[in-house]
Amino acid sequence: MTGALEAATARRSWSKVTDEAPSHDELVRLVSAAGRVADHSSLRPWRLIEIRGDRRVRLGRALNKAEGKRGVSTKPLRAPLLLAVVVSYSKKSKVPRWEQEAVASGVAHMLSLLLDEAGWGVFWRTGDATRAKAVAKAHKLGKREELLGWLYVGGKPVGRDSGRRRTIDGEAFLTLMP
């Protein structure tokens, strides 16, 4: 195995990461590559928001506000870098919304593979908060944008078993059209 097959086979979520994170310049290079996913009409209906440092605290406040709580949620503090995955719908296109979401999701997944291959730990967090007004406001989302979740990024802990998932039996999920 080499290249993409090896990266996909080795991929896993790292729910605990260290305080190290890729630089902005490294991210730009990886995002440029991730943006090459299949994209009907080349709409590029996505963007990523880089969240580091105290901006994670602002997100934590928004998450608590969305749940009717005071204070700061510690969830965004679990990684030194969060990448908000945003779908930016084009209303001028005949490409359906679900397909535009699929492109944004594809970019996020491709970026998670590239980050993993570059040695970074990544996990994707979603949930009801992605549709909360307080969270959308904190991200300054536009009228035709929705948050799909966050990629939490940090260093892979040394000495920790990768806990790779069991191999997927492709035969069990691949069928012929009747």
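Which side chain of opposite charge is nearest to Arg11, and how many Å away is it?

1. In this predicted model, the side chain of opposite charge nearest to Arg11 is that of Asp116, at 6.7 Å, and Arg11, although buried, has no salt bridge. A salt bridge would require a side-chain nitrogen of Lys or Arg within 4 Å of a carboxyl oxygen of Asp or Glu.

2. Arg11 lies in the loop between α1 (3–10) and α2, and its side chain makes a polar contact of 3.4 Å with the side chain of Ser13.

3. The sheet is open and has 4 strands, which follow the order β1-β2-β4-β3 with antiparallel pairing. Its edges are formed by β1 (46–52) and β3 (120–125), each of which pairs on one side only, and neighbouring strands are turned against each other by 25 degrees on average, direction ignored.

4. Helix α2 (residues 24–34) packs on this sheet, where it touches β1, β2 (81–88) and β3, and its direction makes about 160 degrees with that of β1.

5. Taking the pairings in turn, β1 and β2 are joined in the antiparallel sense over 7 bridges, with Ile49 standing opposite Ala84 in β2. The antiparallel pairing of β2 and β4 runs over 8 bridges, and Leu81 has Val153 in β4 as its bridge partner. Between β3 and β4 (residues 145–155) there are 6 bridges, also antiparallel, and Phe123 has Tyr152 in β4 as its bridge partner.

6. Strand β2 is mostly covered, with 8 of its 8 residues buried. Leu81, Leu83, Val85 and Val87 point one way from the strand, whereas Leu82, Ala84, Val86 and Ser88 point the other way, and all are buried.

Notes. Residues are numbered from 1 along each chain as its sequence is written. This is a predicted model: local features need pLDDT of at least 70, side-chain atom pairs count only at pLDDT 80 or more; totals for chains, interfaces and linings use all residues. Side-chain values use heavy atoms; hydrogens and water are left out. Two strands pair if DSSP finds at least two bridges between them. Helices (H or I, at least four residues) and strands (E, at least two) are DSSP runs, numbered from the N terminus. Axes are lines fitted to C-alpha atoms, for helices over the stretch in contact, and angles run from 0 to 180 degrees between N-to-C directions. Contact means heavy atoms within 4.5 Å. Buried means under 20% relative accessible area, exposed over 50%, partly exposed in between (1.4 Å probe, protein chains only). Lys and Arg count as positive and Asp and Glu as negative; His and the chain ends are not counted. A polar contact is a pair of N or O atoms within 3.5 Å; within protein, one must be able to donate a hydrogen and the other to accept it, and residues adjacent in sequence count only if both atoms are side-chain atoms.
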